[in-house]
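Colleague: I am new to this structure and would like to learn how to read its strands and helices. Could you take me through them step by step?

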Amino acid sequence: HRLAPWETDLSSQTSASQAGILHGNNHNMPAFRWYDRSRKKIVASSDPDELARLEEEHSDGNGLLVDDGASRGNMFSGDAPNVMNTASTIKNLSRFHTSDFYAYFANPYNFSRTLMLFIWDIILEKYEFRQARRQDIQPRLDKNKRGGKYPLLRAFMTVLLRELNVYTLIGDMYAGVPSAYTTFGGYDEVAHHSGVESHDALDILNKIDQQLGRMESAAEEAPRPYHFVILSDHGQSAGATFKQRYNMTLEDLVQQLADQYEVKGDVDVHEDWKQVNVFLTEATQHDRESVRGPLRRALRRSTHDDTVVMGPEGEARSVEQEADGKKEDELPQIVVLASGNLGLVYGTRLGRRVMLEELEEYFPGLLEGLAGHEGIGFVMVHSKEHGPVVIGANGRYFLAEDRVEGENPLADFGPRAAEHLIRADSFPDAPDLLVNSFCNHETNEVAAFEELIGSHGGLGGYQTHPFVLYPAEWQLDDGDLIGAAAVYRQGKSWLNQIHPPAES
């Protein structure tokens, strides 16, 4: 195999990356959560209804997996006809193929083995957190973030989904499925809470590597040859959170600077609860009453519109429901959202973006206060006269004119930062103020606006530089893979070389 880097779009998080990788299109997906101006609604990438809508909007019917492929444990399906535990199709019963899902748990060996590994991982998380506190490892999340339901979430991501994905992928190979794409989210989950290079996270990587070896061995017995491509859909950057550093959230800072307005938001929901909710939703929607009945009864208080919503995502629904369908004067005047170290600030009164020239009139002091804060690297706003403008504490970068006044606020954010920001500024739902934390490029350190010490979503550090590991006999069509759509095009090219499309 050969190892090659690729560079994510902005935002560097799973929904935008997977839409690009699996469908070749992630237009107008500015973050994990954003405000849809036309519908006056907060869009969450953890909502199956929204993901189904986004897939319909972004798919042209020629997804990465359209030719009899399989989607296992992903956000989007890649137009695969065979789907399991895939969020965008979870409520489309006509696309359910769940026999493998239930065959796995019906096997007593699989069930007992997974249960023991699940329990062991919960014990391991409690032990590792205790060791981190004893050794005073910094940065470190407190017990509110690594206690409570978190050990269950971690075990779900690192054990249950991993085992189910491997089982179904091996079944796909034995069945001769042409291609399959799956997400192993265990490292991402643990790195968020324990640190990008922590012993805890590297141990999860080692266990995933063992499962890749298991699948390689299984491929030798498959009825056809298989190739393995291993990629990350984003990287992660490390660092103490914004709240840990400054004793306030981004929402608190915006409220402080715009105290005459009502500010509401949600900066404490990340993507991994989605996997739990998709898994449980699929389980409750299975048509066998012996399975469906007990699960439905047990989860009825967490089920809304036939979708299971547990964890912080369930609590966040109140913000979305408050905005959804309300009259303009009933909405919070300012909405603040976060994806890692990327913050999005929206005013809801105008029904459009606030221009740079209007900011002092509508939100006096807000722009200068944000750009001048030591925890913030830059703020991007759109100017009616100049287009997108990036503002830092000591300078401005007029992107459309490629002109800098004072110090370049993008100096620490990579050579293509301006290119990514120009694209993000063109989105219909681009925020009024796009806020990015500082970045220490020597230490890969950022300050997440969520309570995660390993984060991704914005610019800065390793989060925008994932990798693709591919068979050595294959070639990259282009020297650089810039953006998730480039990974899609490369994947389609490889698939077409292995399985040439039938002539019409």
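Modeller: Please keep in mind that this is a predicted model.

Colleague: What is the order of the strands in the open sheet?

Modeller: In general, the strands of a sheet pair through backbone hydrogen bonds, and the pairing is either parallel or antiparallel. Here the open sheet has 3 strands in the order β5-β4-β6, with parallel pairing. Because β5 (82–84) and β6 (180–182) each have a single partner strand, they stand at the edges, and one side of each is left without a neighbour in the sheet. On average, neighbouring strands of this sheet are turned by 10° against each other, direction ignored.

Colleague: Which strands does α6 lie across?

Modeller: Helix α6 lies across β4, β5 and β6, and runs at about 165° to β4.

Colleague: At roughly what angle do the axes of α6 and α8 cross?

Modeller: Two packed helices are described by the angle between their axes and the distance between the axes. The axes of α6 (residues 150–175) and α8 (residues 199–219) come within 10 Å and cross at roughly 15°. Angles under 35 degrees count as roughly parallel, and α6 and α8 are therefore roughly parallel to each other. Their crossing is right-handed. Among the residues that make the contact are Arg154, Val166 and Leu169 of α6, together with Asp200, Ile204 and Met215 of α8. By class, the contact of α6 with α8 has 9 nonpolar, 2 polar and 6 charged residues.

Terms used
Residues are numbered from 1 along each chain as its sequence is written. This is a predicted model: local features need pLDDT of at least 70, side-chain atom pairs count only at pLDDT 80 or more; totals for chains, interfaces and linings use all residues. Side-chain values use heavy atoms; hydrogens and water are left out. Axes are lines fitted to C-alpha atoms, for helices over the stretch in contact, and angles run from 0 to 180 degrees between N-to-C directions. Helices (H or I, at least four residues) and strands (E, at least two) are DSSP runs, numbered from the N terminus. Angles under 35 degrees count as roughly parallel, over 145 as roughly antiparallel, 65 to 115 as roughly perpendicular and the rest as oblique. A crossing is left-handed if the near helix is turned anticlockwise from the far one by less than a right angle, and right-handed if clockwise. Contact means heavy atoms within 4.5 Å. Ala, Val, Leu, Ile, Met, Phe, Trp, Tyr, Cys and Pro count as nonpolar, Asp, Glu, Lys and Arg as charged, and the others, Gly among them, as polar. Two strands pair if DSSP finds at least two bridges between them.
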